[in-house]
Structure formats: structure tokens, C-alpha cells
There are 2 protein chains.
Amino acid sequence: MISQEELQLAARNHGMPLEALRWDVTPVGLHYLLTHYDIPAVDPASWRLEIGGRVERSLSLSLAELRERPAVTRPVTMECAGNGRARLEPHVVSQPWLLEAVGNAEWTGVPVAALLEEAGVAEDAVEILFTGLDRGVEGGEEQAYQRSLTLAEAADGPLLAYAINGEPLPPQHGFPLRLLVPGWYGMTSVKWLARIDAIAEPFAGYQQATGYRIRSHAEDPGTPVTRIMPRALMVPPGIPDFMTRERFVEAGPCELRGRAWSGWGAIEAVEVSVDGAATWAAASLGPEPSPGAWRAWTFAWDAAPGEHELCCRARDAAGNAQPVEAGWNVGGYANTSVQRVPVTVR
Amino acid sequence: MISQEELQLAARNHGMPLEALRWDVTPVGLHYLLTHYDIPAVDPASWRLEIGGRVERSLSLSLAELRERPAVTRPVTMECAGNGRARLEPHVVSQPWLLEAVGNAEWTGVPVAALLEEAGVAEDAVEILFTGLDRGVEGGEEQAYQRSLTLAEAADGPLLAYAINGEPLPPQHGFPLRLLVPGWYGMTSVKWLARIDAIAEPFAGYQQATGYRIRSHAEDPGTPVTRIMPRALMVPPGIPDFMTRERFVEAGPCELRGRAWSGWGAIEAVEVSVDGAATWAAASLGPEPSPGAWRAWTFAWDAAPGEHELCCRARDAAGNAQPVEAGWNVGGYANTSVQRVPVTVR
């Protein structure tokens, strides 16, 4: 059961209905969205990105100046670290995601590495801190949303994105500029960027030291949530009941389709079970995607009349295999327990 | 408390975070969305709109043929008939909306009246039936989503919309074509249109005869849900706590802002209470909008330190006044009880 407080979060934030796994590039408005505080209103004419801290040359850049720089466009699968949280027992109180907190968009922006090079990171800097314009209270502490990356992490892949699927960012995705860190859970990809600072000590703010840590119990300091653990999801086949979301499938050949992804390496295998994770068979993988983007898979199922529970799981090239039942943690992060889709074939 | 079944709906459907009331035209992706079944995949090349039933000339139109016809663009406020449902006591089980199921988009399309004239409605026709491509099970009955309008209702205002905010409809809003009925709750605006039929008997399908009726008890046949009852909502001021959504406001002058709308007539007045609906004062209304679109309002509040509960309510030109506490009904429809925003001023 979900409290009224959690419902307030579920009513604001939104997942990607799983039939949208059929689109390789998730249409805007179907991509998942988690907003910690409020969506800020930003005037793009007066907005500037400030780059400072332990750098040789502070920079202050307008959106037009950022758009003049060499840009990269790449598809990136983003997933909320809390995806799967509402499926955990005992119950974890926070944004109650089932399985929908994911999306794969084409992001366009300037590599963080290029701007750091332009600014010249000082020798004593150890991390890059990203600060958003969104403000709120969390854990009793008023804050702007902030996350850091090590110098190595910041230099290898992250973009400062100003476009999604070829269009300017909509307000809810971080207009006018957001960080985009391929392979990492979404909390890292700070939206509505205001500042980037090179810092001489590891960042110990709320979202890094308190939030987003895998803890086995309340006093456990835990380990940071970082890259996305492998997961496969399928488009639920057949047609749904409005209220229960029970699925009804016609008997006969039924192609199951879905996507799989991992922030640790390429997807090497997807397996499907049609008997509630008792037995597994290999799915066919689609073409190798761009690194950090999800991979399509299909599975030919001969649907026999009766009740079935469909499941899928993924394995990546780094040796991570999606568990049938993932472990519990205090924050309810990275719950990659396999999807279970009960269907009635008739 | 909300069940896992209701959470499945809340995770798929999504509201408009109320800070988005600041935009006169709701950006795509922030507009509310309720999908009864699954979002269908439609190939626009093979898709056609069939117009038939009791007409003189059946029509079969491609998207290109529809786009060639004279078009209308207008801002329309759409609200789900279930908005406010999760605030009702006793609890009503269905999509658990708090207050976010609303949006105001600019829709472009062909007037329904023009196409009905082209087809020539037969003399014995009494209603126009709209059938979507979305299929599912509801109340134990497999169905395509269908709703009807009387001839008079169909001829006066409804559009067949193929664009939102100047862009082709995204899949979730009914691509390639949807019905758009200004002033009516959203269930009327059938998405993913497949057919339009003139019919000689009033439509008695599930979504008209069973769903979307105001019933006082389970055996009450009830009355149909039709036009949108007046409502005012405000942008919650200040900054939120992530989990509780409690608001914190700086002491001093604070401009409260919001929107108000009604499907029955122009908004004539908005009132604000800063003491939990004990006393009310008039808000200033923005310019008269296009009929069917929401109206902006503002209220100058001098925020004194302490706890306050902010409320707002609307009245329309048809004589409907938003109640402080709306009545209960079986389906949880049209709950326009006033918004209550508790804030701490410091």
C-alpha cells in the first residue's frame, strides 16, 4: 500500500508506459521524469552557465555560445536509480516506481571534457561539481540540487545537453541545459544547470553523501549508487484490463519484444521465461547499439491457452547478470528483480 | 492509502506538476495524460479515417487528405473527469488523481462539422460515434474505446486534431488523429481515431452507459459526465520538501498565481483564501481567454511568518460556483473541492 505522501510524488513524476519500449528513441513526453523539487522557470535570454572553482580561467557562457561549440548527438538510456522500488518488501518510502522509470532519448550537447579543457582544471582539483537551479528541502536541509563526478568520470562521456530528439529541451528535462552522464543512473544527470565548479575536496553534499547510497541498514554508511545495473523489460503482450492491467493474449504465435541495457558494458544476452522464472531460453538480440543505448530483443513464443507468467533478464559484457530476485536496501535503489507479466492466453 | 493496482495506473498515467500552471500553453510532456488501455502503434502511411454509418457518402481519408482541409487552431483546457478522485472520502478505486490531471494545449485540426457536412448525415441519425484504435477490457467487456456526441454537440466546436502546440501529435496524445471536444472532460476526446459513424440510436456502450456517470450509489443509473465544472488551481508558492511536498515561503510580499477554467462558461471570478477557506478575497483576473481555454489570475499576498493554508475557487458566467467541499459519487468524478496548499512562512 502507498501513502498519500507517496501518491503526491507518483502524481508529479512519471514513468514510461512499457508499450513505449517499442520505440527505439523514446518520444518526448513518454521518457520517464523525476523532479526532486519544482521545475524552475528559466529565462534563456538572461541565463548563463558559470564555470569556476579550481580552474585557470572562469567561463560564463550564454546558451548561444554553448550552441556554437562542436556538438555530439547520441542515444542514451536513462533510468532512475529508484526504478523497481515499489516492488521491494519491506516497503521503502519514496517515489514509488514500479518498472517504468526509463527512457532512451537522443541527446545533443557539448562534451563536458571540451569545456573543462577550455577552463583549464587546476592541479589540486579532484572533482567536478554540477549545480542545478532547482531548490528545495531534503533531509531537513535546504539545497540546490547538486552532484559531483571525479575528473576521470567527468572527462569520459558526459555531455552538457541542450536538445533532446532534435528539439530544445522542454522545461521538465532541464531547459536550457542539463548534464547527461551516459551509463549512470539518472540522479547524476543534473538538470537546469547553473554552475560547474572544479573542487579540491570530494563533494559531501546531501545527494552524494546521504542520498543515493546502497545501505543495508539505517546506520550503514553504504556505497554510492553509480552506473546502471543490467535490466531487460518487455512490451506486455496482448490487451490489458483497464483497472487491473491483467493481460489477455490470443493463442498461437506471439512475438515478445523488449529492450535491455546496462551502464557497465554491452548487453551480451537476454533470456525469457514463460513459466514464472522456472526455465529460461535465449532471446534474439537486435543490432549492437551505440554504447549507453538500449538493445532490442525478440522472442518467438507459441502461446498455449491458459495462465502464464512471462519474465526476462539480461547479462552484460562486464559480467553482471540480472538476478531473479535482487537484494533489498534502505533507499530502494537498483532493484533489478526480473519483470513478471502474468497473461491469460485464450 | 493506495493499492498496488491503483499504483500501476498512477505509474502509467501522468499529471501536470502544478508549477506548470505558470505556462499559458502547457509544454508537451507536461500536459496530463490518461490512457485507458495501451498506446497503440499506428503506421501513418496505411492509417485512414473511415466516416460511415447513417451518412449519404461514406468517406475514407488519409492523414494527408485531412491536412489539406481548412484547419482551426485553438487553445483548449482539457481535464480528466477523475481529477481530484484521490482526495475523496470514502476512497474510490480507479486512477488516483490528486489535482494534476489538467493541461491547456493549442490544438490544430479540422472541425468535425465540416466533415459531417461532406459526408451528409442521414435524417434518422441522432448521434455521432467516435471509435479509437485502443482496445482493452473494462467491466469484463472487451472493447475499443468509444464515445458518442449528439448531432448538436458534434457540430458545435469539436475538432479532429492532428497537431498539438504546432507539432504532429505524439503517440500518447492520439497520433495520428484524435477528437478534441472543447469544454468537455477528457474522456470525450477519443484518441487514435479509427472511425466516425452516424448512428440512429443513442450509443449505449460501456464508456457512455456504464463508465463516466455521476452515481450516488452502486444501483443508481446516474447522469452522464459531460462538461468541465469550474476549478481554480494555484502554482504552489515557495520551495518544496522532496518527500512531503510541504512548502516553505519567504516572509513578505508573495504573488500567488494560477489558472481557472470551466466548460460551462467564461470565468467570472476567482477568490483566494489564506486561512484555510475561512475568509475569501477577490483575485485579479488576466485577459479574457479564447473560449474553452483557462484564464490566468494573480493575488497579492503579504506572507507573515507562521503556518497558513492557501485555497482558491472559481465561478463561471453560467452560474456555477466551485464548492469548498464537493459531493461524493461512486466513480469519483468531477471532485472540484478547493485546492489546499499548506505553507510555512519563515
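**Ground rules**

I note that this is a predicted model, in which local features need pLDDT of at least 70 and side-chain atom pairs count only at pLDDT 80 or more, while totals for chains, interfaces and linings use all residues. Residues are numbered from 1 along each chain as its sequence is written, and chains are lettered from A and ligands numbered from 1 in the order in which they are written.

**Entry 1: B:Glu106**

I applied the contact rule to B:Glu106, leaving out residues up to four places away in sequence. B:Glu106 then touches B:Val25, B:Thr73, B:Arg74, B:Pro75, B:Asn165 and B:Gly166. I found B:Glu106 in strand E4 of chain B, residues 102–111. Strands (E, at least two residues) and helices (H or I, at least four) are DSSP runs, numbered from the N terminus.

I also looked up B:Asp24, which is 82 residues from B:Glu106 in sequence. In space the two are 9.9 Å apart, C-alpha to C-alpha.

B:Glu106 counts as partly exposed because it has 18 C-beta neighbours inside 10 Å.

**Entry 2: where the chains meet**

I looked up the contacts between the chains: 46 residues of chain A are in contact with 46 residues of chain B. On the chain A side, helix H1 (4–12), strand E5 (127–138) and strand E14 (239–240) each supply at least two residues. H1(A) gives the most, with 6 residues.

I sorted the chain A side by residue type and got 25 nonpolar, 11 polar and 10 charged. Here Ala, Val, Leu, Ile, Met, Phe, Trp, Tyr, Cys and Pro count as nonpolar, Asp, Glu, Lys and Arg as charged, and the others, Gly among them, as polar.

I then turned to helix H1 of chain B, residues 4–12. Its buried residues are B:Glu6, B:Leu7, B:Leu9, B:Ala10, B:Ala11 and B:Arg12. H1 of chain A is included in what covers them.

**Entry 3: how the copies are related**

The same surface serves both copies, since 100% of the contact residues of chain A recur in chain B.

Which peptide bonds did I note as cis? One runs from A:Glu89 to A:Pro90, with omega near -5°. A:Pro90 lies in the loop between strand E3 (72–79) and strand E4 (102–111) of chain A. Another joins A:Phe175 and A:Pro176, where omega is about 5°. A:Pro176 is in the loop between strand E8 (167–168) and strand E9 (178–180) of chain A.

I also checked A:Trp192, whose phi is near 50°, a positive value in a residue other than glycine. A:Trp192 sits in the loop between E9 and strand E10 (193–199) of chain A. A:Trp192 is buried because 27 other C-beta atoms lie within 10 Å. In chain B, B:Trp192 has a positive phi of about 50°, and B:Trp192 counts as buried with 27 C-beta neighbours inside 10 Å.

Key:
Two residues are in contact if their C-beta atoms, placed from the backbone, lie within 7 Å. A residue is buried if 20 or more other C-beta atoms lie within 10 Å of its own, exposed if 12 or fewer, and partly exposed in between; C-beta atoms are placed from the backbone.
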